[in-house]
Amino acid sequence: MRKLIYAALAALMLTPVFAQEAPQFAATPQMGWNSWNKFAMNINEDLIKATADKMVELGLVDAGYIYLNLDDGWHGERDEQGFIHEDPEKFPSGIKALADYVHSKGMKLGIYSDAGWKTCGGCAGSFGHEFQDAYTYAQWGVDYLKYDWCYTEEIIHPKGAYKLMSVALKATGRPIWFSMCEWGSNKPWEWGAEYAQSWRTTGDIWPYFDSIPAEFEGQWHGLPVMEIVDLNEPLRAYSGPGHWNDPDMLEVGNGQLTLAENRAHFTLWCMMAAPLLMGNDLTTMSDDILQILINKDVIAIDQDPLGIQGLRLKREGDVEYWFKPLAGGDWAFCLLNRGAEDAVVNVDWGLLSFTDELSGLSFDPTGLWARNLWDSKARVRKTKGIQKITVPTHDVVLYRIGKK
Ligand code: GLA
């Protein structure tokens with residue numbers, strides 16, 4: 001009997017240890033939708049509710065897109081005590097009611113602020129109101145904060161500013177995903193993991209594949225998708241479960257990107273274990289775009305539990321070879337064609353073995369099978385001999401390699 005009591009006591013004492021092993025917050029990169037890329041400051045509660053409805057109706061929530069994030073432009077004025085309020089015309093029912101609505105759909109609500117005096121769009125920033133704002137967001141039921149870096153001038157220390165808001169968010173007792181947005185200016189990958197779940201590694205994305213049209217020369221403009229890829233790829237060592245590199249939100253379905261370019265953009269974000277935050281108008285999107293955003297096999301590459309950001313192993317002319325180690329010994333293998341012509345690649349599987357120095361994992365395709373994740377009708381192929389693969393211009397071919 002005594003032994004039994006001791007055993008029961010020991011089990012009780014061990015419980016907290018096991019509890020610590022519960023799945024970590026931010027174990028995989030965030031997935032959801034953000035208003036900025038398509039709607040900029042023109043947001044209101046009807047749009048956000050319609051987007052929430054669409055995310056459920058189209059199966060996007062089931063596919064993992066659970067955050068619905070307001071970006072800049074939701075703000076009204078601060079009151080006499082300094083508390084921030086929503087814009088009463090854009091959000092007449094209030095952010096709290098919106099959070100309740102979003103939660104009732106099985107989703108989470110995100111909000112946006114800025115470490116400086118003003119947001120980039122000129123609304124009230126959080127400088128001097130950090131604890132008050134964090135408290136307000138928690139009262140409203142907010143689950144995510146994107147925290148920008150405009151109007152900080154030179155007297156706000158980046159680490160200090162992000163630490164302050166991180167402490168303020170923690171003090172609310174509510175789990176709130178903290179998404180740092182200081183554009184990589186102060187190498188946040190070197191210090192952000194202590195404060196935040198993700199940090200932007202680059203300036204703003206724009207919906208162009210590899211160059212910004214000449215008409216924007218001489219004025220402020222965002223970066224094309226491929227330039228962002230080149231900036232984010234070398235930072236893979238800093239990303240992992242609980243702390244992710246964020247090469248900015250998706251432009252899939254925006255601007256003049258072709259279907260191939262949209263597919264390539266989405267695939268590379270998955271290869272880089274990047275946040276998947278849709279940024280297009282879900283109420284008018286075509287089925288082709290939906291089929292990109294909702295491809296569960298490709299999303300699984302992004303959300304793989306190992307959480308290792310993929311690498312660009314080599315370039316052959318315009319074609320790049322990308323790899324990402326996955327849980328259970330599988331690998332994702334992606335060929336990207338950055339050139340203006342279709343490319344035909346002869347992949348000699350026998351010559352593709354390598355060891356990823358960062359993870360220490362080795363890729364050896366001997367005896368494995370390759371499943372084409374963008375072409376479900378393609379035959380699953382043995383990874384041996386030489387395979388001739390056509391990669392259309394500005395497109396990708398993506399395989400999951402593993403046992404059959
Ligand atoms: C900055 C951010 C963008 C967006 C805008 C809003 O440019 O990097 O992602 O949030 O501000 O004004």
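Six nonpolar, one polar and six charged residues make up the shell around the ligand (Asp, Glu, Lys and Arg count as charged; Ala, Val, Leu, Ile, Met, Phe, Trp, Tyr, Cys and Pro as nonpolar; the others, Gly among them, as polar). Keep in mind that this is a predicted model, where local features need pLDDT of at least 70, side-chain atom pairs count only at pLDDT 80 or more, and totals for chains, interfaces and linings use all residues. Numbering runs from 1 along each chain as its sequence is written, and side-chain values use heavy atoms, with hydrogens and water left out.

**Ligand surroundings**

- Around the ligand there are 13 residues, and D71, D72, K146, D148 and D204 come nearest (near means a heavy atom within 4 Å).
- D71 puts a polar side-chain atom 2.7 Å from a ligand oxygen.
- For W183, an N or O atom of the side chain is 3.1 Å from an oxygen atom of the ligand.
- R200 has a side-chain N or O atom 3.2 Å from a ligand oxygen.
- On its own the ligand has 310 Å² of accessible area, and the protein covers 94% of that (Shrake-Rupley method, 1.4 Å probe).

**Disulfide**

- Searching the whole structure turns up one disulfide (cysteine sulfur atoms within 2.5 Å).
- C120 and C150 are the partners, with sulfur atoms 2.1 Å apart.
- The S-S torsion of C120 and C150 is about 100 degrees, so the disulfide is right-handed.

Conventions:
A polar contact is a pair of N or O atoms within 3.5 Å; within protein, one must be able to donate a hydrogen and the other to accept it, and residues adjacent in sequence count only if both atoms are side-chain atoms.
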